[in-house]
Amino acid sequence: MADAPETPRRPEKIALVTGSLAEPRLTRIAGEIADPTLEPVVVNVGVKVAALMTAEIVERRLKLPEGTDRVLMPGRFRGDLERLERFFGVPFARGPDEVADLPDYFGQKRRAADLTRQDVTIFAEIVDATVMSVDGIVARARALRAEGADVIDLGCLPDTAFPHLEEAIAALHAEGLKVSVDSFDLTELARATRAGADFLLSLNETNLHIAKEGPAVPVLVPAKQGDLDSLIRAVETCLASGQPFYADPILDPVHYGFTASILRYAELRRRFPDIPVLMGIGNVTELTDADTTGINAILMGLISEMRLNAVLAVQVSPHCRTAVREFDRARREYYAAREAGALPQGFGGGLMALRDRKPYAASPAEIDGLAREVRDRNFRIDVSEDGIHIYNRDGHHVAPDPFALFPHLKVEEDGAHAFYLGVETARAEIAYKLGKRYAQDEGLKWGVAAVIEESPEQAHRLTFKETGTTLQAKKEVNKHAKAEEAPASATEAEAGKATET
């Protein structure tokens with residue numbers, strides 16, 4: 001008897017909750033993302049901005065289409081989703097902050113990538129440990145651990161005594177930290193391993209005997225700069241004796257052997273597919289006038305492809321002050337991408353500091369359509385490819401420079417409001433010139449290069465700004481200013497409309 005044909009599965013019906021301002025755009029996008037597995041249905045709850053409603057208002061106003069499988073609320077909706085699930089009997093979730101990101105939300109399967117896993121050990125060097133007190137070393141080490149460091153490397157300075165070396169090692173161990181010591185002085189290295197250091201940087205085939213004086217694992221380097229054969233002899237010696245080690249062919253600065261040094265790493269990995277290899281990045285990050293997020297992204301790509309095992313990061317130059325944090329994020333994003341067999345795209349964007357892949361949430365025409373619907377005097381600010389938009393019921397103005405906008409705003413007599421608009425349009429200008437995503441009343445997102453209160457790194461906490469005027473949200477500044485009579489942003493006015501019964 002032939003098997004009965006399977007009944008085709010109906011598409012999942014998802015209610016996309018919205019207000020009247022976003023409904024036209026959302027309807028268009030819903031049509032674009034619909035497919036045999038997905039039936040998005042736009043539901044206007046009868047307010048202008050659905051994100052500003054409370055759970056109570058949603059319970060009163062929302063009428064779900066028959067057969068709804070789940071409900072997607074705006075990303076900035078503050079209400080209690082669990083309460084709504086109990087009330088309506090279907091799952092509720094928050095979507096992306098911007099309507100324009102819905103296609104990615106439904107199409108990007110890696111959006112919830114697990115960034116807790118990684119396979120690269122970060123050594124973070126304190127280059128001036130010799131001249132620091134033990135308390136100072138511990139304080140710096142704690143900060144580096146918070147940035148993502150796994151091993152604290154104590155850098156020794158030439159011709160500078162380190163009498164408190166042993167005490168520093170003991171103090172760091174008491175903090176639960178692993179310790180490496182980096183010195184050209186064999187006496188200091190011998191003292192370090194006898195004091196219980198976990199790693200020694202850097203030994204070569206001529207002084208490898210130091211490793212026998214204690215438990216520290218040596219990091220092997222060539223006896224002569226660029227001499228891969230020398231490093232290989234040291235590696236073979238350790239393999240023959242069973243001595244644990246890391247090998248480091250040394251990454252050279254740009255124009256001083258950079259390309260050749262990368263080839264040495266590739267050749268070492270080809271010759272020894274399974275040995276632990278460390279790459280020190282300071283010769284490139286510290287000695288190149290370029291933002292380290294991009295440099296570290298490329299170096300992490302090399303590390304990920306060659307399956308290198310550790311990185312030594314330094315933060316001496318001010319422009320390298322987030323190198324450890326950047327590499328911690330890079331090792332996690334690249335691990336997730338490699339495990340997924342994917343390009344390093346769509347795994348959190350922690351290294352996207354100066355640019356965004358999709359800088360504009362709306363087109364000029366869409367913003368113009370929104371502006372035509374506004375009936376109050378509260379200013380909305382947006383950014384698109386044609387400049388900074390600011391609009392309310394009295395007009396819609398566009399310019400690449402905030403100074404060109406100010407004469408149209410008529411807030412000369414309202415200092416608090418003028419200050420607010422100055423801050424917001426300045427943010428908008430930065431976003432416009434760099435190609436970053438701008439959202440009114442939120443700080444610009446700088447990835448891990450500059451973690452801010454509203455950054456992606458805080459998003460997992462699922463906390464939201466309290467309802468109220470923008471100026472009140474900034475810690476109740478200037479409570480009795482005239483801005484209380486004239487709301488500083490769209491938030492207050494639209495929240496009021498959203499709470500109407």
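**Close-up 1. Helix 9 and its span.** Helix 9 runs over residues 258-271, and at 1.5 Å a residue its 14 residues should span 20 Å, which agrees with the 20 Å between its end C-alpha atoms; the expected span is 1.5 Å times one less than the number of residues. Helices here are DSSP runs of H or I with at least four residues, strands are runs of E with at least two, and both are numbered from the N terminus. This is a predicted model, in which local features need pLDDT of at least 70 and side-chain atom pairs count only at pLDDT 80 or more, while totals for chains, interfaces and linings use all residues. Residues are numbered from 1 along each chain as its sequence is written, and side-chain values use heavy atoms, with hydrogens and water left out.

Close-up 2. Ser261, Ile262, Arg264, Tyr265, Leu268 and Arg269 are buried in helix 9, where buried means under 20% relative accessible area, exposed means over 50%, and partly exposed lies in between, with a 1.4 Å probe and protein chains only. Seen down the axis of helix 9, these buried residues fall within an arc of 150°, so they line one face of the helix; the arc is that of the directions from the helix axis to the C-beta atoms. On the other side of helix 9, Thr259, Leu263 and Arg270 are exposed. An α-helix has 3.6 residues a turn, so residues three or four places apart point the same way.

**Close-up 3. The buried side of helix 13.** Helix 13, residues 364-373, has Glu366, Ile367, Leu370 and Ala371 as buried residues. They cover an arc of only 140° around the axis, which puts them on the same side of helix 13. The face of helix 13 turned away from this buried side carries the exposed residues Ala365 and Arg372.

**Close-up 4. The second largest pocket.** About 810 Å³ of space lies in the second largest pocket. The elements that give two or more residues to its lining are helix 7 (186-194), strand 8 (199-203), strand 11 (278-280) and helix 10 (282-285). The pocket is lined by 32 residues, of which Glu125, Asp182, Phe184, Ser202 and Leu312 lie nearest its centre. By class, the lining has 18 nonpolar, nine polar and five charged residues, where Ala, Val, Leu, Ile, Met, Phe, Trp, Tyr, Cys and Pro count as nonpolar, Asp, Glu, Lys and Arg as charged, and the others, Gly among them, as polar. A pocket is found on a 1 Å grid over the protein atoms alone, as an open set of points where a 1.4 Å probe fits, with protein on both sides within 12 Å along at least five of seven lines, and lining residues have an atom within 4 Å of a point. Grid points are joined across faces, edges and corners, and a volume is the space filled by probe spheres set on the points.

Close-up 5. Ser202 lies in strand 8, and the peptide bond from Leu201 to Ser202 is cis, with omega near 0°. His255, in the loop between strand 10 (246-247) and helix 9, has a phi near 80°, a positive value in a residue other than glycine. His255 is exposed, with a relative accessible area of 77%. Lys410, in the loop between helix 14 (402-405) and helix 15, has a positive phi of about 55° although it is not a glycine. Lys410 is exposed as well, at a relative accessible area of 69%. Most residues other than glycine have a negative phi, and most peptide bonds are trans.

**Close-up 6. A cluster of aromatic rings.** Ring pairs link Phe87, Phe88 and Phe92 into a cluster, and the structure holds six aromatic pairs. The rings of Phe87 and Phe88 have their centres 4.9 Å apart and their planes at 70°, so this pair is edge-to-face. Rings of Phe, Tyr and Trp (its six-membered ring) pair if their centres lie within 6.5 Å, and planes under 30 degrees apart count as stacked, over 60 as edge-to-face and the rest as tilted. Phe87 is partly exposed, with a relative accessible area of 48%.

**Close-up 7. Contacts between residues separated along the chain.** Pro402, placed in helix 14, counts as buried at 14% relative accessibility. The C-alpha atoms of Pro402 and Thr425 are separated by 5.8 Å, although these residues are 23 residues apart along the chain.
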